[in-house]
Amino acid sequence: MVEFLLESLTLQIFIDNFGRLMSGLRFTVQLTLVVMFLGTILGVLLALGRSYGGRFISFLCTAYIEIIRGTPMLAQLFILYFALPPYGINLSAAAVAYLGFTLNCAAYQAEYTRGSLESVETDQFKSAYSLGMSRWQTIFHIVLPQAVRWSIPAWTNEFIYILKYTSLAYIIGAPDLMTQGKFIASRNYQFFRVYLIAAVIYLIIVTLSTWLVDRLENRFRIPGFGYED
Amino acid sequence: MTDNRDEHKPLLEIKDLRKSFGDNLVLDGISFSLNPGEKKVIIGPSGTGKSTVLNCINRLIMPDGGEIWLDDTEVVGCDNINEIRQQIGYVFQGFGLFHHLTAIKNVMIGLTKVKGMSREEAEAKATAELERVGLTDVSDSYPAQLSGGQKQRVAIARALAMEPMLMLFDEPTSALDPELIGEVLTVMKALAREGMTMLVVTHEMGFARSVSDEIIFMEKGHIVEKAHPEKMFSGPELQRTKDFLFKLDELYGKGGD
């Protein structure tokens, strides 16, 4: 495989299509960042709703989370892309990618956050109440700050996961790295070499991101929290 | 409901407190009171409802019946429980420190978020309270970096910072290694000398003997006997009380200081 990489032909394909590949990469990275940002916020809200909302809100949040986690992401993208237009909702492939991945990511984030919310011991609730804090003050000032920190390792995994799985966007033709690769390959018929280039680009940004999020984990480290070693 | 406004009005008065968990009757009509500055100790076998009494006083557990008067307010039926709770300091067996906050921030958070104090004010107050419990050099440490005794003292400082009129201690030394119990008891004794009204669930008979005005012996949701510590240790009225105190002696040593 390595010999293909070092071939002048592969290098030539890379150089000739550099602009297109980079525009695909830019979309992939943007998509990942936006999805992680919105997905985290939505996920935390869903987790709060599921854990602390009333019976009705808790049921809604649970139903949402389980439906999303119980169906393939591919099916969710197809539904958003093909099933909405008959109802007059026409979203571009890019918009469906942003929406679909965010909705999916939120459900997974919600479950990571919920696990962390529940790991905060009841003694802390009791002492917060004893200070005169209301239920929501306790949740926002005591429970959530700890839960978010507990969730960081799962969050960083999700980040890497989303970064790679945004490649599914190519199924609906959103202009990500894989879609651009497919476009280039359909012109020059060098499928193997083009996808090899795409894979190497993914490998490089995933490695870079892993290094970055590791530093992030260190920054938010608090003595006594489980993820230090 | 009666509100007796005579001169010797108790600071805390509990009348016929009742609580069941399912079929399990935990409190079967508990009544006692504390005058301002009084210290009382509750003893009794485990599972007997001692902690439930404390939990009911600031309504961490909602009683099924009875009245709890804190000064002029009835706690069970009141609708401003968060204001009542600010006036009752609560110290738990398991400390209940907030793990994501340093010692000083643990003390500050109630002041800033509940009392609405400014950061600077809260920091000054918190520093003073940590000093009061003998902790100055660990104010920037996180709970995980503190010993059990230090944790419990931070928890006491956190409760005191709210300037409560009553302090509840729920087995404050039971989770501590023997060599760390002393530092917590020292702080509690100093607090007692300052005139704080205290209700303490503990097995520390030395503390009970030297500090308390009355020992309340509870069993199976009832108060079996209450008496001044000297009377309790020299000759309790009931055989059951004698037996229990004898057992405590065997476990924790004589009630000497």
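**Close-up views of a predicted two-chain model**

**View 1. A:Arg114 and A:Glu111 in helix α6 of chain A.** Because A:Arg114 and A:Glu111 are three residues apart in helix α6 of chain A, about one helical turn separates them; helices here are DSSP runs of H or I with at least four residues, strands are runs of E with at least two, and both are numbered from the N terminus. The two side chains form a salt bridge in which the closest N and O atoms are 3.1 Å apart, a salt bridge being a side-chain nitrogen of Lys or Arg within 4 Å of a carboxyl oxygen of Asp or Glu. The model is predicted, so that local features need pLDDT of at least 70 and side-chain atom pairs count only at pLDDT 80 or more, while totals for chains, interfaces and linings use all residues. Residues are numbered from 1 along each chain as its sequence is written, chains are lettered from A and ligands numbered from 1 in the order in which they are written, and side-chain values use heavy atoms, with hydrogens and water left out.

**View 2. A salt bridge between A:Arg50 and A:Glu111.** A:Glu111 also forms a salt bridge with A:Arg50, with 3.1 Å between the closest N and O atoms. This pair links distant parts of the chain, since A:Arg50 lies in helix α3 (residues 18-52) of chain A and A:Glu111 in helix α6 (residues 93-119) of chain A, 61 residues apart. A:Arg50 counts as buried because its relative accessible area is 16%, where buried means under 20% relative accessible area, exposed means over 50% and partly exposed lies in between (1.4 Å probe, protein chains only). A:Glu111 is likewise buried, with a relative accessible area of 14%.

**View 3. A:Arg69 and A:Glu66 in helix α4 of chain A.** The side chains of A:Arg69 and A:Glu66 meet in a salt bridge, at 3.9 Å from N to O. Both residues lie in helix α4 (residues 55-69) of chain A, three residues apart, which is about one turn of the helix. A:Arg69 is partly exposed, at 35% relative accessibility, and A:Glu66 is partly exposed with a relative accessible area of 35%. A network of salt bridges links A:Arg50, A:Glu66, A:Arg69, A:Glu111, A:Arg114 and A:Glu118, and the count over all chains comes to 22 salt bridges.

**View 4. Chain A as the setting of these helices.** The secondary structure of chain A comes to ten helices and zero strands, and its C-alpha trace spans about 70 × 50 × 25 Å along the principal axes. Of the 229 residues in chain A, 43% are buried. Among the contacts in chain A with a separation of 6 or more, 76% are between residues 24 or more positions apart, a contact meaning heavy atoms within 4.5 Å.

**View 5. The interface of chain B and chain A.** At this interface, 25 residues of chain B are in contact with 22 residues of chain A. The two chains bury about 2,000 Å² between them, 65% of it on carbon and sulfur atoms; buried area is the accessible area (1.4 Å probe) that two parts lose on being put together, summed over both. B:Phe98, B:His99 and B:His100 supply 29% of the area that chain B buries against chain A, more than any other three residues. The elements giving two or more residues to the side of chain B that touches chain A are α2 (81-86), β6 (88-91) and α3 (103-114) of chain B, and the largest share, four residues, comes from α3(B). The count of salt bridges between chain B and chain A is zero.

**View 6. B:Met198 and the largest nonpolar core.** A nonpolar core is a set of buried Ala, Val, Leu, Ile, Met, Phe, Trp, Tyr and Cys residues joined through side-chain atoms within 4.5 Å. Of the 59 residues in the largest such core, B:Ile156, B:Met167, B:Phe169, B:Met188 and B:Met198 touch the most other members, and helix α6 (residues 178-193) of chain B gives the most to this core, with eight residues. Not counting residues up to four places away in sequence, the residues that B:Met198 touches include B:Leu34, B:Met167, B:Phe169, B:Met188 and B:Phe207.

**View 7. B:Ile84 in helix α2 of chain B.** B:Ile84 is found in helix α2 of chain B and counts as buried at 3% relative accessibility. Leaving aside neighbours within four places in sequence, B:Ile84 is in contact with B:Leu70, B:Thr73, B:Val75 and B:Cys78.
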